[in-house]
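Hello,

Here is the structure we talked about. Please keep it open while you read the notes below.

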Amino acid sequence: MPVPTARTLRSERTGSASAVGANMPPFTSSLVKAVFRDVTPLHVSRPAALAAAAVTRTVLTDLVDGALRAAGEEARKKLLPEDLVTAIDRDVELEVGGAWYHHSPTFKGLTGVVHDARGAVVNASGRSRSRKHSAVVGAHRFEAAIRRLLRDRGTAAVPAMVRDLDGLASVFLTDLARDAAMVVREGGLRRFGTVTLIPPGEPAEPRPSVPESLPAPSTRTGDGRTIGRDDVLAATMIQLFGGVRQRSLAAALEATGPGAGG
């Protein structure tokens with residue numbers, strides 16, 4: 001049996017690390033926990049971080065796929081910011097991370113007139129200054145994850161498009177963290193209603209809007225110091241609706257296992 005050389009060992013370690021990196025999801029638990037720390041001092045369990053990562057990936061994947069369809073209609077492979085706007089215009093379920101709309105030049109003129117507390121119109125530059133919260137400032141942390149997601153979808157994007165996806169991911173995950181912390185503080189989801197979009201003239205479908213395996217939204221188990229997986233699922237129900245909510249919940253359950261509520 002040949003004795004492994006230093007070069008062989010280095011090669012094996014590099015190959016092993018590459019394999020691990022290839023299988024890692026773009027939105028890692030460490031990135032998720034960093035965003036949660038910006039919002040709340042509560043501890044975030046590993047299943048909660050995995051669930052939030054799966055939900056974020058699902059939402060951003062839907063955004064990228066919608067942009068890909070828009071680009072395909074113009075026989076383009078590289079995504080432009082206008083493709084993102086088209087994707088959101090065509091699917092109201094993808095209107096997430098609204099705070100980023102007021103910050104990004106891509107959405108200039110599409111967000112309507114904003115007034116301050118005294119009723120005065122806030123101009124675009126004023127909006128940008130007022131939106132310098134952690135979700136906007138920390139958007140750069142998502143660049144590696146977004147580029148990985150784009151590669152996974154077999155596409156690429158211009159820098160401005162990557163920046164918009166960074167911002168939307170950061171704002172969405174920040175909002176998700178904030179709502180998960182609220183669920184912990186309130187001991188459950190006590191004031192919650194579902195919204196179902198029904199085309200005119202079509203009857204409402206009787207099927208439930210969330211997987212039957214989820215706990216009742218008004219109840220919560222666990223201590224008041226830790227955000228668990230089910231808290232993230234409840235926050236997902238607040239943030240999303242329709243098909244993207246269903247896909248996000250299913251992805252979160254798949255990432256954590258049906259019994260991993262902690």
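The count of salt bridges comes to 12 in this predicted model. Here are some of them.

Start with Arg 57 and Asp 152. Their side chains meet in a salt bridge, 3.6 Å from N to O. Arg 57 belongs to helix H3, while Asp 152 sits in helix H8 (residues 143-152). The two are 95 residues apart, so this pair links distant parts of the chain. Arg 57 is partly exposed, at 27% relative accessible area. Asp 152 is also partly exposed, at 36%.

Next, Asp 62 and Arg 247. The closest N and O atoms of this salt bridge are 2.6 Å apart. Asp 62 lies in helix H3 and Arg 247 in helix H11 (residues 242-256), so the bridge ties together parts 185 residues apart in sequence. Arg 247 is partly exposed at 40%.

Then there is a network. Salt bridges link Glu 74, Arg 76, Glu 82 and Asp 83. Within it, Arg 76 pairs with Glu 82, with 3.8 Å between the closest N and O atoms. Glu 82 is partly exposed, with a relative accessible area of 44%.

Ser 45 is buried, at 7% relative accessible area.

Best wishes

Notes:
Residues are numbered from 1 along each chain as its sequence is written. This is a predicted model: local features need pLDDT of at least 70, side-chain atom pairs count only at pLDDT 80 or more; totals for chains, interfaces and linings use all residues. Side-chain values use heavy atoms; hydrogens and water are left out. Buried means under 20% relative accessible area, exposed over 50%, partly exposed in between (1.4 Å probe, protein chains only). A salt bridge is a side-chain nitrogen of Lys or Arg within 4 Å of a carboxyl oxygen of Asp or Glu. Helices (H or I, at least four residues) and strands (E, at least two) are DSSP runs, numbered from the N terminus.
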